[in-house]
Amino acid sequence: MKITERTYLKSEVITFRSTKGSFGGLSNMAPGYSIRVNDVIIPTAEALYQACRFPLFPNIQQEIIEQHSPMTAKMISRKYLSKTRQDWEEIKYEVMYWVLQVKLSQNLEKFSSVLRQTSDKPIVEYSAKDKDWAATKKDDHTLKGKNALGRLLMKLREEYIFNQKPIDCVPPPPIVGFILYGSAVETVCDPTLEFEEEDYC
Ligand SMILES: Nc1nc(O)c(N)c(N[C@@H]2O[C@H](COP(=O)(O)O)[C@@H](O)[C@H]2O)n1
């Protein structure tokens, strides 16, 4: 997945900068969007994304996932940057899209409601300095950057909100060695649906 820089007119886009405000739920740092993968409960999308850097180091993954604060999870990841999987730069957007799909499938009502509130406007993460995941100020009216997170959120909105594709279960991305705590990541389904199926049987 290749993402190149774009320019956005501030007056035409939805921006989010922190976890506060109407669109704070779009941030990976937002609390209240826990995720379950391979029966591991992960407090935030950020912790899951950062843990995916270290498939061969279950202890590092655990240290990241145990953090209540998503920012601390990201900081823990920084301690071990040299142990990041070697193909990370090539796969990181694909990993992030999977993380967002899992976040949506397991927090469907809440997350789809935030996505719906963005209508069909461009979604931009606004940052003081991050031109990769976000966009930064170019001048008083314009933001510029790859805005990778915003772009992936728009793709998610297109697929699952506009086109109403079902998202009960999310398969792992086709990435070699996509591992959590020593086991290959499995297809993840909304845990509430599993309970409903068990009750039915
Ligand atoms: N701490 C922070 N400050 C910003 O300005 C940001 N745009 C982000 N972005 C989030 O960080 C995650 C990516 O981390 P890596 O740098 O790839 O390790 C991702 O969740 C972005 O949304 N963070």
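Predicted model: local features only at pLDDT ≥ 70, side-chain atom pairs only at ≥ 80, totals over all residues.
Residues are numbered from 1 along each chain as its sequence is written, and side-chain values use heavy atoms, with hydrogens and water left out. Local features need pLDDT of at least 70 and side-chain atom pairs count only at pLDDT 80 or more, while totals for chains, interfaces and linings use all residues.

Helix α4 (residues 88-106) packs against helix α6 (residues 148-162) at an angle of about 50°, and their axes lie 10 Å apart. Helices here are DSSP runs (H or I, at least four residues), as are strands (E, at least two), numbered from the N terminus. Axes are lines fitted to C-alpha atoms over the stretch in contact, with angles from 0 to 180 degrees between N-to-C directions. The pair α4 and α6 is therefore oblique (under 35 degrees is roughly parallel, over 145 roughly antiparallel, 65 to 115 roughly perpendicular, the rest oblique). On α4, the contact (heavy atoms within 4.5 Å) involves Y93, M96, Y97, L100, Q101 and L104. On α6, A148, L149, L152, L153, K155, L156, E159 and Y160 take part.

S119 has a phi of about 55°. The loop between α5 (108-117) and β5 (123-125) holds S119. S119 is partly exposed, at 41% relative accessible area (buried is under 20%, exposed over 50%, partly exposed in between, with a 1.4 Å probe and protein chains only). Y181 has a phi of about 50°. Y181 sits in the loop between β9 (179-180) and β10 (183-184). Y181 is also partly exposed, at 30% relative accessibility.
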